[in-house]
Amino acid sequence: LTQRLAVRYRLGLTAVSGLFAVLLLGLSVPRLDLPWLDAMLHGWPWLGVGIALLAIAGLPHAFNIIDGYNGLAGMVALAVCLALMYVALQVGDRQLAGVLVCMVGATAGFLVWNYPRGLVFAGDGGAYLWGVLIAVASLLLVHRNEQVSPWFPMLLLIYPVWETLFSIYRKLVRGTSPSVADALHFHQLIYRRIVHKVFHDDESRRILMRNNRTSPYLWAFTMLTVIPALVFWRTTWVLMVFCAVFVLSYVAAYLMIIRFKVPTWLRR
């Protein structure tokens, strides 16, 4: 309402959403398919509840961070919801699949107006809705179905999650508060240093064209996690390897762009 709500209050309010979800749905993280961590979760059930609460409180802000250009956050949310829906159907969780179908339809309808013309924007409310619902759906899918690896949703969501963690890290290294906004997110670097050679007589039209050409780079990056997650949704160690590969690829690509060492074919 005011557009002046501090980050700590936003985090607190999303934590309240997480608390309601945990209490009303009985959500927790019962396992991580790592023996020593599973032993801790079994011995201290409150730890699994805390992880679930952290996921629901944090993921909305992760989606809010990547909601920078037309079609970016919406397409990531659409791909993740479709993947979760597919696995939910594979394990016979039709109720959860039905909820995800509703989110897929709503997001697809939103994208019709959001990309490429930018007639409607998600804003904080849209990003927070995606984050909370996807976090709850991911936790429910793993909690209800033991055959689903807990690393399946982790790999699906590694892009927004790692974008958030990496942003916090680089701000702390620079002595800046993580709550302070900057223009050094991965998608912003792509916009400024890769998708910059767009020419048009109309300034507003040129900005819109650059905006629209930024998102497909991140869509491709997201597909590098969604596709292997769908193929190996049962196999924890493979999913963990792909998570590590993504993190290394992200850091390498980020350093490459920040140092102006972008291959020519990426700028075409």
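User: Which residues lie nearest the centre of the largest pocket, and how many line it?
Analyst: In this predicted model, the largest pocket has a lining of 45 residues, and those nearest its centre are G58, L59, A62, V161 and T164.

User: Which elements give two or more residues to that lining?
Analyst: Those elements are α1 (7-25), α3 (45-66), α6, α7, α8 (158-173) and α9 (186-193).

User: And which one gives the most?
Analyst: That is α3, which gives 9 residues to the lining of the largest pocket.

User: How much space is in there, and how do the lining residues divide into nonpolar, polar and charged?
Analyst: The largest pocket holds about 1600 Å³ of space, and its lining divides into 28 nonpolar, 12 polar and 5 charged residues.

User: Switching to aromatics, how many pairs does a search of the whole structure find?
Analyst: The search finds 15 aromatic pairs. One of them is formed by F166 and Y250, whose rings are edge-to-face, at 5.4 Å centre to centre and with 75° between the planes.

User: Where do those two sit in the chain?
Analyst: F166 is in helix α8 and Y250 is in helix α11 (residues 236-258), so that the pair links distant parts of the chain, 84 residues apart.

User: Are they buried or exposed?
Analyst: Both F166 and Y250 are buried.

User: What about F232 and F242, stacked or edge-to-face?
Analyst: The F232 and F242 pair is stacked, with 6.1 Å centre to centre and 25° between the planes. F232 is in the loop between α10 (203-231) and α11, while F242 is in helix α11, 10 residues apart.

User: Why does F232 count as partly exposed?
Analyst: Because its relative accessibility is 30%, which falls between the 20% limit for buried and the 50% limit for exposed. F242 is likewise partly exposed, with a relative accessible area of 30%.

User: Going back to F166, which residues form an aromatic cluster with it?
Analyst: F166 belongs to one aromatic cluster together with W162, Y169, F186, F221, F246, Y250 and Y254.

User: Last topic, where is N145 found, and why does it count as buried?
Analyst: N145 is found in the loop between α6 (123-144) and α7 (151-156), and N145 counts as buried because its relative accessibility is 8%, where buried means under 20%.

User: What does N145 contact, leaving aside neighbours within four places in sequence?
Analyst: With those neighbours left aside, N145 is in contact with R31, V91, D93 and L140.

Methods:
Residues numbered from 1 in each chain as written. Predicted model: local features only at pLDDT ≥ 70, side-chain atom pairs only at ≥ 80, totals over all residues. Heavy atoms only, no water. Helix = DSSP H or I, 4+ residues; strand = E, 2+ residues; numbered from the N terminus. Buried < 20%, exposed > 50% of the residue type's maximum accessible area, 1.4 Å probe, protein only. Contact = heavy atoms within 4.5 Å. 1 Å grid on protein atoms, 1.4 Å probe; cavity = no way out; pocket = protein on both sides within 12 Å on 5 of 7 lines; lining within 4 Å. Points joined across faces, edges and corners; volume = space filled by probe spheres on them. Nonpolar A, V, L, I, M, F, W, Y, C, P; charged D, E, K, R; others polar. Phe/Tyr/Trp six-rings, centres within 6.5 Å; stacked < 30°, edge-to-face > 60°.
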